[in-house]
Amino acid sequence: MAIHALTMLARWSERTLTSGDIADSLESNPVLVRRILGTLRDAGLVQSTEGRGGGWTLARAPRTITLYDAYAAVETGPVLTGHAHPPSAECEVGRNIQALLEAEFRAAEEALDERLRRTTIAHLVRQVLAKERELNLQR
């Protein structure tokens, strides 16, 4: 949802968007969108203006905002986690699986972070516009 909102704000950067505008695109609730935008504001990615004609805009150029920036703003902790309850130390799998998975999960998280750092919001806007051109040519 955060990346969707950032991409919309970049796509229509000439005007402010309301949480309702973004919620319509997400087919979601404006209250939920405002919560996410608030988190993005706290991370310095968006800003809001109050009053008539107010709404949300990007706080930085789209070419400087990566998918990792959005991910880090809204996600806390690792994506992949081990057992919620410690496994049995009596079992050879139970004794060893946690350490093995921690190494695998750490490597996967590093790969995810690296990949997300390579794509910017500006890149997504270009992709959206290219897809729209393709759709219009097919009609």
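Which residue takes a positive phi in the hairpin of E1 and E2? Gly 51 does, with phi near 90°. Five residues lie between the two strands of that hairpin.

This is a predicted model, in which local features need pLDDT of at least 70, side-chain atom pairs count only at pLDDT 80 or more, and totals for chains, interfaces and linings use all residues. Residues are numbered from 1 along each chain as its sequence is written, and side-chain values use heavy atoms, with hydrogens and water left out. Helices (H or I, at least four residues) and strands (E, at least two) are DSSP runs, numbered from the N terminus.

**The hairpin**

Strand E1 covers residues 46-49. E1 and E2 run antiparallel and are joined by four bridges. Two strands count as paired if DSSP finds at least two bridges between them. Thr 49 has Gly 55 of E2 as its bridge partner. Gln 47 is bridged to Thr 57 in E2.

Gln 47 belongs to strand E1. Gln 47 is partly exposed, at 40% relative accessibility. The cut-offs are under 20% relative accessible area for buried, over 50% for exposed, and partly exposed in between (1.4 Å probe, protein chains only). Setting aside neighbours within four places in sequence, Gln 47 is in contact (heavy atoms within 4.5 Å) with Gly 55, Trp 56, Thr 57, Leu 58 and Ala 59. Arg 60 lies 13 residues from Gln 47 along the chain, and their C-alpha atoms are separated by 9.2 Å.

**The nonpolar core**

A nonpolar core is a set of buried Ala, Val, Leu, Ile, Met, Phe, Trp, Tyr and Cys residues joined through side-chain atoms within 4.5 Å. The largest one here has 27 residues. Leu 6, Leu 9, Ile 22, Leu 37 and Leu 40 have the most contacts inside it. H1, helix H2 (19-26), helix H3 (30-42), E2, H4 and H6 each supply at least two residues of this core. H1 gives the largest share, six residues.

Leu 9 shows what such a position touches. Neighbours within four places in sequence aside, Leu 9 is in contact with Leu 17, Ile 22, Leu 37, Val 46, Trp 56, Thr 57 and Leu 58.

Axes are lines fitted to C-alpha atoms, for helices over the stretch in contact, and angles run from 0 to 180 degrees between N-to-C directions. Nonpolar means Ala, Val, Leu, Ile, Met, Phe, Trp, Tyr, Cys and Pro; charged means Asp, Glu, Lys and Arg; the others, Gly among them, are polar.

| Pair | Axes come within | Crossing angle |
|---|---|---|
| H1 and H6 | 9 Å | roughly 75° |
| H1 and H3 | 10 Å | roughly 75° |

H1 is therefore roughly perpendicular to H6. Angles under 35 degrees count as roughly parallel, over 145 as roughly antiparallel, 65 to 115 as roughly perpendicular and the rest as oblique. Helix H1 spans residues 2-11, and H6 spans residues 121-138. In this contact, H1 uses Ile 3, Leu 6, Thr 7, Ala 10 and Arg 11, and H6 uses Ile 121, Leu 124, Val 125, Val 128 and Leu 129. By class, that is eight nonpolar, one polar and one charged residues.

H1 and H3 are also roughly perpendicular to each other. Here H1 brings Ala 2, Ala 5, Leu 6 and Leu 9, while H3 brings Ile 36, Leu 37 and Leu 40. This contact has seven nonpolar, no polar and no charged residues.

Thr 66 is buried, with a relative accessible area of 13%. Not counting residues up to four places away in sequence, Thr 66 touches Leu 116, Arg 117, Thr 119 and Thr 120.

Within H4, Leu 67, Tyr 68, Ala 70, Tyr 71 and Ala 73 are buried. The buried residues of H4 pack against H1, H3, helix H5 (92-118) and H6.

Asn 29 counts as partly exposed, at 42% relative accessibility. From Asn 29 to Leu 101 the C-alpha distance is 37 Å, across 72 residues in sequence.
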